[in-house]
Amino acid sequence: MSKDQVRRKRKVVDGNGDGTGLSNDVIDIQAKLDGGYVNEVTSKKGRNYKSLKQLAGSENFELLPPDVPTYYNIDSPPSTLPPKKYCDLTGFKANYTDPKTRLRFCSPEAFRFLRSLPEHRVQDFLSLRQAEARLK
Amino acid sequence: MVAEPNGARADEAKKKRRVVLRDPEPLLNSDPSKSFNPRDGDAVVIDIGSSELRAGFSSADGPALRYPPLVSRARDPGEDGRRKNFVGYEALHTSVRSGVRSPFEANIPFNATLLERLLDGTIVALGLANEKKIDRPFVLTEPPCQMNNSRAFIMEVLFEGYQAPSVCLGVDGLFSYMYNMYSSTSTSSLSQFNDRNALIVSSSFRATHVLPLVNGRFHAACAKRINVGGDHATEALARRLRLLYPIFAPALSYDRVNLLREEICYFSSNYEEEVNRLQTDPDYFDQVETAIEIPSQEGTKTCPSPEELERQRKLRAEAGQRLHDMMAARRKAKATTEVAPKEVERKLTSEEVHRVESLLSELDELETISDMKTAYEDDYYMSLSRRGFKQTKDLEDAVGKKEAEIVSLKEELGEELMAQAEEKWRKRKFEDALLETPDPLLTADQLKEKRKVKSIRGAAEARERVKLQKEEERQKVEAAEAELRRQKEQDPDGYLRRRIKERDDLLQRIKKRKAAREAGSDRRSQAARNRMRLIAQQIMPENGKKMPDDFGMRDEDWNVYHDMQGGDTEEEEQEEKYLADLKAEIFELAPHIAALEEAESRGAEKLYYPIERSNELDICLDRIRSTEIIWQPSIVGLDQAGLGESIDLSVSSLQGATARESLVKEIFLTGGLMNTPGANARLQAEVRRVLPASFSPGVDLNIRLAKDPVLDAWRGAALLAKIGGQELSDSSVSRSEYEEMGPEYLKEHFASNVYYQTPQSDRERDNRKRRR
């Protein structure tokens with residue numbers, strides 16, 4: 001029997017017998033807060049910690065017809081327009097990219113400044129647009 | 001003295017906008033001065049957003065509670081140290097930051113346990129905890145296209161934890177729209193919205209949504225979400241400022257930057273154009289540029305009272321007096337002990353010593369000659385003639401003269417000193433004799449003595465040499481300085497020119513060296529190759545021959561390390577210092593030239609370099625850049641269509657041209673980020689751009705901003721509760737419906753999400769069958 005099944009079984013036992021899993025006891029909220037949550041509804045229900053991804057996983061989105069609007073398919077798609085390039089230092093339009101650091105720059109002055117940066121700060125600048133070197 | 005351009009600049013600086021970076025005021029979960037007495041039958045209205053939770057009763061005109069959705073567990077200092085749960089600002093005040101957690105990820109409340117605690121804390125704060133059963137309808141908001149799981153645990157808490165009679169759920173942006181529509185028309189029924197078409201743009205903390213409302217219902221199939229919001233804008237701004245101004249990084253906290261963003265950032269109606277204008281038009285740049293004043297650390301300290309200041313001043317004065325007395329006493333004691341023996345121990349000056357010694361050695365020489373008379377007569381006469389004496393008597397006269405001179409000198413200097421000098425001279429003479437004697441003629445003891453003398457003499461000579469060298473160098477420097485002074489006086493213009501040239505050369509040299517260092521970091525560069533060659537040579541000399549192992553014998557040998565390193569930091573520091581001196585001198589000589597040069601270089605730098613001043617920083621382009629991320633998520637590296645493009649996608653995916661047109665005709669803006677100035681103008685521009693060609697060119701765009709983009713969602717939810725009756729019960733899930741349909745069930749109404757059942761995988765279905 002999986003853990004999940006154990007929990008479900010317990011839920012039925014805890015319930016009031018009508019199969020809904022509901023308890024007849026009224027939960028005193030103040031006592032719940034003061035007493036350190038022995039009586040949490042969510043933990044009783046087996047809703048222990050799940051990451052957002054796990055939560056989405058149990059939604060079975062893939063079994064739905066594709067035209068049903070879900071959290072994931074209302075996400076805007078990647079842009080079809082070419083992303084505009086801006087100078088990493090000044091924010092002006094960047095016509096150039098430094099082949100060494102991969103930083104974008106708009107002028108000799110900006111280039112000089114960016115070249116004077118130590119490596120870790122170069123990475124910091126790149127990470128502003130999530131382009132830093134990632135170790136895999 | 002102030003030149004014209006400087007004056008103009010000063011005027012501009014006066015005009016420049018200034019903003020003080022400040023902390024948000026410390027807030028409480030609820031305003032203690034306001035009491036909220038819910039009427040019977042009032043609904044509990046909670047707007048759970050990822051930035052803020054707003055809760056209250058439906059009869060009020062605003063939420064009674066507003067706080068960030070944060071939960072912590074901490075020991076309560078007031079009570080017996082038991083761990084208690086805190087929410088909102090209380091959590092922030094009682095716990096360390098790391099212990100404070102939010103149930104949200106992105107814009108979805110995903111952590112059931114934390115969410116329950118948050119709701120519990122809210123219920124307690126609303127004063128409902130003592131009721132055994134909360135017999136009030138609930139109206140809550142949820143994000144568009146809320147996940148069923150997430151909704152399920154909210155419903156479970158409400159129905160099972162609080163025994164709620166009914167729960168109504170709706171989308172925050174749609175509630176906000178409803179409230180604004182309702183308050184702008186006179187009819188008091190919600191049925192007027194049944195055939196309404198509108199496009200609602202809701203930009204909140206973690207996400208920006210495009211929500212089409214078609215025939216009075218949320219048309220979720222065409223909704224779009226961009227995963228950036230106010231949180232991302234603030235984060236982007238904060239990270240950029242911290243990078244550009246590292247010295248202020250500790251002062252640039254998230255909360256402060258958030259306030260700053262709300263204060264100074266705006267939407268540019270045409271970003272491309274404005275960026276270009278900022279780059280090319282300095283006047284416009286100055287106009288947009290804002291100085292941000294960083295509060296100094298002293299400012300945060302509490303100011304001591306005048307009495308306290310007086311007391312501290314007295315203490316300092318007393319301590320100073322004590323120290324002063326102590327030093328005076330010490331000086332006095334030193335003077336009394338040292339003065340007396342000093343008079344006895346008068347030392348001979350080097351001149352006097354020289355006189356004594358030359359006299360003594362001359363006398364000694366003469367006596368040596370006269371001693372030779374008996375032993376080596378030939379040598380004696382030769383010495384006599386060499387000294388220019390004709391006969392023995394001349395010699396005796398000379399000896400007598402010297403002796404007389406010595407006697408007179410003795411009188412002059414005093415018996416004791418003379419004796420000392422003589423003693424010294426004799427010792428030296430003995431040592432000289434010892435050194436001159438060849439080793440084989442010496443006994444073992446004498447040899448030892450000779451070695452000792454030799455080493456002592458060597459050290460003394462070396463000291464003397466160094467002293468001389470130093471003196472020489474000092475003289476050289478003094479001569480050079482004198483020469484410079486002379487040039488400065490005689491030909492000031494030429495001198496200045498030379499100094500400027502020297503400075504430029506030095507600048508050039510430093511620049512070149514930096515370039516060389518840069519090239520060094522590239523492995524294939526010439527500099528790097530030279531370095532490798534040097535290192536290889538040290539290990540294995542060329543031709544494979546082993547070099548004679550005399551490395552280090554010559555001083556130049558050690559230069560190889562210098563070359564390998566590609567530069568000397570000490571030397572560089574000296575050069576930098578010299579450069580600074582030069583600059584200072586040039587400034588002193590010709591302040592007008594230096595100021596002009598400075599201004600010129602600043603003018604170019606201003607656009608490109610973050611200029612650090614002691615207590616302020618400048619923001620210009622970042623005023624529009626940080627909010628631009630919802631139009632161009634690629635700025636923060638997110639590969640997603642921006643808001644303009646998303647509106648296009650949303651509208652064009654709708655069936656029917658008339659429906660599309662009616663949608664664009666009514667655009668409604670809500671959500672915290674839409675409070676930013678310029679939202680309306682930018683949206684106009686974007687919608688015009690994406691408008692399909694088939695649209696009649698004269699389409700009237702009606703873009704409206706919510707009256708209060710932040711609170712209207714709560715007010716809309718409260719409005720539904722206030723209208724109550726059939727309208728509310730038709731939109732709410734009742735207890736019996738919850739029990740029948742399960743926790744994910746949702747009653748659809750015009751502001752709600754679209755309900756769909758969570759599909760079951762085959763495995764889950766099998767499991768269920770087996771349990772039965």
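Reader: Which residue in strand 10 of chain B stands opposite Glu142(B)?

Author: That would be Val171(B). A quick word on the ground rules: this is a predicted model in which local features need pLDDT of at least 70, side-chain atom pairs count only at pLDDT 80 or more, and totals for chains, interfaces and linings use all residues, while side-chain values use heavy atoms, leaving out hydrogens and water. Residues are numbered from 1 along each chain as its sequence is written, and chains are lettered from A and ligands numbered from 1 in the order in which they are written.

Reader: What makes strand 9 and strand 10 of chain B a pair?

Author: Two strands pair if DSSP finds at least two bridges between them. Strand 9 (residues 138–142) is joined to strand 10 by 5 bridges, and the two run parallel, so they pass that test. Strand 10 also has 3 bridges to strand 19 (residues 732–734), this time antiparallel, with Ser732(B) as the partner of Cys168(B). By the way, strands are DSSP runs of E, at least two residues long, and helices are runs of H or I, at least four, numbered from the N terminus.

Reader: Why is the unit of strand 9, helix 4 and strand 10 of chain B called right-handed?

Author: The name goes with a clockwise path from the first strand over the helix to the second, with the strands pointing away from the viewer. Strand 9, helix 4 (residues 148–161) and strand 10 make a β-α-β unit of that hand.

Reader: How do you know that strand 10 of chain B is mostly covered?

Author: Count its residues: 6 of 6 in this strand (residues 166–171) are buried. Buried means under 20% relative accessible area, exposed over 50%, and partly exposed in between (1.4 Å probe, protein chains only). In a regular strand, side chains alternate between the two faces of the sheet. Here Ser166(B), Cys168(B) and Gly170(B) are buried on one side, and Val167(B), Leu169(B) and Val171(B) are buried on the other.

Reader: What is the secondary structure of chain A?

Author: Chain A has 6 helices and 2 strands, in the order α-α-α-α-β-β-α-α from the N terminus. Of its 136 residues, 40% count as buried.
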